[in-house]
Amino acid sequence: RKPSKEVQETVCASCALTRESNHGELDQWISCNGCQLWFHFDCAGFKNERDVRDVSKFFCKACEPKHGSTTFVRKSGRAHAAVDYAGLNQGILKTSDDNPEHHYIQPIKDGSFTFDQEMFPRMRPELVTREFFETCSSFSEPVVIPAEYNPKLSEQQPVSARDNEEYDVAFTGMEEEEALLHDFEYETVPDDGQDRLDMVVPRGLTVRHVAELVGPHEPLEVIDVKTQGTEGKWNLAKWADYYEADGEKAVRNVISLEVSSTKLGRLLRRPKVVRDIDLQDSVWPEEETLKDNFPKVQFYCLMSVADSFTDFHIDFGGSSVYYHILRGKKTFFFIPPKPGHLKKYEDWNNSHEQNFTWLPDATKECYRVDLSAGDTMLIPSGWIHAVWTPENSLVIGGNFLTRMHYSTQFRIVDIEKAIKTPQKFRYPHFQKVMWYTVIKYLETDPLPAEVAQVFYSGARFVRERPVWEQFNQHGKLSSCAPGSAHYNCRYYSQAELDGLPDLINFIFRTVMIALGRIEGVTEDTRKKVMRSIPKSHGEPLELARTFALWVAWKRGNEDPPAWAHPDADLPDKESAAPKKLSARALKAMQRQEAFEAYRVAPERQSARQNASREPELTTATAPMLSMPSASVSQIQTTPGPSGQHTSTPKTSVLGPKRVACDACRKRRIKCKHKDVVTTSTPFGQPTVMFQSTPSAAEQATPITPFSQPLPNSEQHMQNMPSIQSLQSLQGSQGLQNGHTNQMVGIAPMAQMTSTDGVGPAIIPGNALLADPNSKRGRSKACLDCRKSKRRCIHDENGKIDPVKAEQTPVPRGSVVSKKRRTSGDMESPIKKSKQ
C-alpha cells in the first residue's frame with residue numbers, strides 16, 4: 001500500500017493551534033520579521049485585516065526587545081476624499097480602497113438621490129387573498145403588510161381575568177352555550193406559531209441558529225458589496241463568526257442561501273396567499289415533489305450586515321417575491337416594469353459602466369420603501385429593485401411564478417437571454433414548469449369535442465360575456481354540466497386570460513426548436529429543450545395545437561393560430577432573429593466593413609459598375625466639368641501630365657475634400673502651388689480643380705476652356721448655383737435648355753469642378769464662392785497607424801511611403817501639428833455654422 005503523503009500544517013506561535021477556517025478574517029496569518037514565525041491576526045494583536053494593511057514590519061512580543069516595536073506605513077495627516085481621481089480622469093467614478101462602503105451608500109444617506117412619492121398599498125393580512133388579487137387584478141404593484149397589522153397568534157393580548165368573569169356570568173348554562181355554537185361557525189387550526197398571513201417562522205431565529213440548522217460546513221456564496229462580486233471558500237460557520245464580529249470590517253452580503261431541503265426549511269411555512277397563487281405548486285407533479293425533484297426557490301435566508309447594498313436587478317424568470325423581515329431594517333428602491341424602463345435596464349446591464357451608473361437617472365422614475373422588523377412585502381413580477389440594509393438584518397423570503405403575470409415573466413426571460421445571464425442565476429426548470437402548466441389546463445378543464453369541431457370548420461367560438469366576468473359560476477357553482485361548452489372548472493382572471501397567447505407562443509417555439517425548425521440553435525440547446533418537455537403526455541406538437549384551440553375557446557370570439565389546425569403545415573423554417581443594433585453601432589460596423597474591403601482590394605471594381613459606365617464614356621479630349629456620380633473610393637486615378645501639380649481624390653467620403661497637391665501632401669508641408677491644381681478624373685485625364693485670380697502677367701497665358709457638355713438633368717442644374725452666379729458676374733452665355741456652351745467668359749475667375757458629382761463646386765481661397773459647409777481637416781489615418789496613435793505613413797494604396805516613414809513619428813492631433821496648420825499665410829478655414 002502506497003503511504004499517504006505527509007502534509008505540513010502551520011501552527012500559530014502564540015496559541016499553538018492550527019485552527020480550522022471558521023473565524024473569518026482572523027484566521028489569516030502574519031509572519032514575524034524577526035523570528036520568522038507565523039501568528040493569527042488576533043493572536044498578533046490585530047482586530048481585522050484592515051489593521052494589518054498598515055503594517056510595514058511586524059515583530060512579535062518575543063522579538064520586540066531585540067528588534068523594536070512593530071512599524072507601520074507612514075500616513076499623511078491631511079484629510080483625503082474617498083474618491084479615486086485616476087478613475088475620474090478616465091470618466092469613471094471609483095471609490096478608495098480605504099472606504100469599505102459601496103459608493104451609493106453615502107449619497108443615499110445624504111439624500112442626494114431623489115425619489116418619487118410612493119403610494120403602494122398597506123393592507124391588513126385578512127384582505128391579502130388569492131380571490132382579491134385575481135378578481136381585482138390588484139397584484140400589479142408591491143404590497144406591504146405592516147408588522148402592527150400582522151402579529152403572531154400566540155403573541156396576541158391574552159384575555160384578562162375580569163373578562164373571564166364577565167364571560168362566565170353571561171354563559172352559565174349549557175343551553176346558552178349550545179345556542180352559541182349553533183349560531184356561529186368556528187374554524188379551529190393548530191397553533192404552529194403562525195401569523196395572520198398563516199406564515200410560520202421560528203421565534204428568536206438568529207444567524208447562529210441558521211448555521212446550526214442548515215449545517216456549519218454548508219458552502220456559501222458571499223457577495224462583496226463594494227465590487228458586487230462573489231467570494232468563495234465560505235461556509236455558514238465562518239459567516240456566523242463574521243456576522244457577529246464587532247468593529248470595522250469589509251461589507252459582505254448573503255442573498256442566495258436556499259434552505260427548502262434542510263431542517264430550517266421544515267420549520268418554515270410561506271404565507272397562504274403565496275401558496276395559493278404559486279404556479280409551480282399547482283402544476284408540478286406530486287410524485288416528483290416526493291422524490292425531492294422540484295425547483296427549490298421557496299425559502300431563501302438573506303443575511304446582511306449594515307450598509308449592504310444590492311444593485312438594481314429583476315428576480316430570475318420574472319418571478320414574484322415574498323419578503324419577511326425578522327431582524328433589522330431594509331430599504332427598497334423600485335422601478336416599475338414599463339417597456340421603456342425594461343429596455344433601459346437591458347442596456348444598463350450590457351454597459352461596461354454598469355457599476356457606476358445610477359439606473360434611476362435613465363428611467364426618471366423610482367420609489368423608495370422602508371421596512372422594519374416584522375414587516376412583510378409582496379413584490380409582483382418584473383419590478384426592478386435595489387436593496388440597502390441600514391442595519392444588520394435577517395430575512396426569510398422566496399420566489400414564485402403566477403398565472404397573472406405570463407407576459408411579464410416571458411419578457412424577463414427574453415431579457416435574461418439578451419444579457420447572457422448565467423444558467424445558475426435563472427429560474428430552475430422554467431420551461432418544464434410552463435409545459436406542466438399547459439398539461440394541467442388540458443387535464444383539469446379539457447377541450448370539448450364540439451368546440452374543437454367549431455374551430456375545425458373555420459368558425460369562432462362565440463361568448464356573450466368574457467369568462468373573467470363570470471364570478472361564482474365555476475366548478476360546483478356552475479349551472480353547466482362538466483364537459484359542456486360553457487363549463488369552467490375554476491375562475492379564470494382577466495390577467496391570466498390576457499397572458500395565455502404569450503404562453504402559446506412560448507410553447508410553440510420550444511416545439512419548433514425540438515423539431516429542428518429554428519436556424520441558429522445549437523444541437524446542445526435543442527437537446528436541453530427536448531429534455532424540458534415532459535414525456536408520456538403525448539406528442540409535443542399535438543399538445544401545442546390542442547392548447548391553442550383551448551385558449552381560443554376560453555378567450556372566445558377569436559381565431560386560433562393557423563398552425564393549430566390538424567391538417568395545417570408548420571411555418572417555414574425560421575431563422576434566429578439577429579439582435580437589433582443601435583444606429584451608432586450599425587454605422588460603426590458599416591464603416592469598418594468598408595475600410596476592410598478597401599484594404600483588401602483598393603482598385604477592384606465590380607463588372608456591373610464598369611458596365612454601367614461604358615455608355616457614358618465619350619471621345620472628348622477636354623476634361624469633363626463634372627465627374628460621373630460614383631463613389632470616390634471606386635475611382636482609379638493616374639498622375640497628371642508632367643509639369644502639372646495634381647491632387648488625387650480621396651478614397652473615403654469622410655472628412656473635408658483635398659486641396660493640396662500630391663507632392664506637398666507627401667512631404668507634409670503647406671501647399672505652395674495654389675495657382676493651378678488639377679484633379680485626376682476616372683479616366684486618367686487631369687481636370688482643373690481650381691485656379692486663383694491671375695495677375696497681369698498670368699492673364700496672357702490662355703486657360704483651357706471647358707468643352708464637354710453637361711447632361712440634360714434638372715437635378716444637376718440645381719447642384720450648380722455657383723456656375724450660374726459666375727456667368728452672371730462675367731456676362732458670359734447663360735445656361736439654356738439644360739446645356740452649357742463653352743465657358744470662355746469665366747477664364748479670369750476660378751474654374752472648378754465638383755469632385756463628387758453631386759455637390760456644388762468648391763473654390764478654396766475664395767470665401768464668396770466656397771461651400772459654406774465645407775471644413776478643412778487632417779486626413780484619416782489607416783487602422784494600423786490609428787492603433788499606434790501616430791500619423792499615417794501609408795499612401796492611398798495602403799503601401800508604406802518611404803518619405804513619411806523616415807520622418808520622426810508625431811502623435812496624431814498634437815499641438816505641433818495644430819501650430820503648423822495655423823502658421824504662415826494659410827487661409828483660415830470656413831467654419832460650419834451651427835444650425
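Strand S5 (residues 143–145) pairs with strand S13 in the antiparallel sense, over three bridges. Here Ile 145 stands opposite Thr 376 in S13. The model is predicted.

S13 has another partner. Strand S11 (residues 320–335) runs antiparallel to S13, and four bridges join them. In this pairing, Tyr 323 stands opposite Met 377 in S13.

| Strand paired with S13 | Residues | Sense | Bridges |
|---|---|---|---|
| S5 | 143–145 | antiparallel | three |
| S11 | 320–335 | antiparallel | four |

Are the faces of S13 (residues 376–379) covered or open? Both faces are covered. Thr 376 and Leu 378 are buried on one side. Met 377 and Ile 379 are buried on the other.

Now to Phe 332. Leaving aside neighbours within four places in sequence, Phe 332 is in contact with Met 377 and Ile 379, among others. Its contacts also include Tyr 323, Tyr 367, Arg 368, Val 369 and Leu 371. His 385, Ala 386 and Val 387 are in contact with Phe 332 too.

Phe 332 also belongs to the largest nonpolar core, which has 72 residues. Which members touch the most other members? They are Phe 332, Met 434, Leu 500, Leu 503, Phe 547 and Trp 550. Helix H19 (residues 494–514) gives this core its largest share, 11 residues. The core draws at least three residues from domain 2 (104–150 + 194–419), and at least three from domain 3 (430–564).

A second core is separate and has 63 residues. Val 128, Leu 268, Ile 277 and Ile 384 are among them.

How values were computed
Residues numbered from 1 in each chain as written. Predicted model: local features only at pLDDT ≥ 70, side-chain atom pairs only at ≥ 80, totals over all residues. Heavy atoms only, no water. Core = buried A, V, L, I, M, F, W, Y, C linked by side-chain atoms within 4.5 Å. Buried < 20%, exposed > 50% of the residue type's maximum accessible area, 1.4 Å probe, protein only. Helix = DSSP H or I, 4+ residues; strand = E, 2+ residues; numbered from the N terminus. Domains from an automatic or database assignment. Contact = heavy atoms within 4.5 Å. Pairing = 2+ DSSP bridges.
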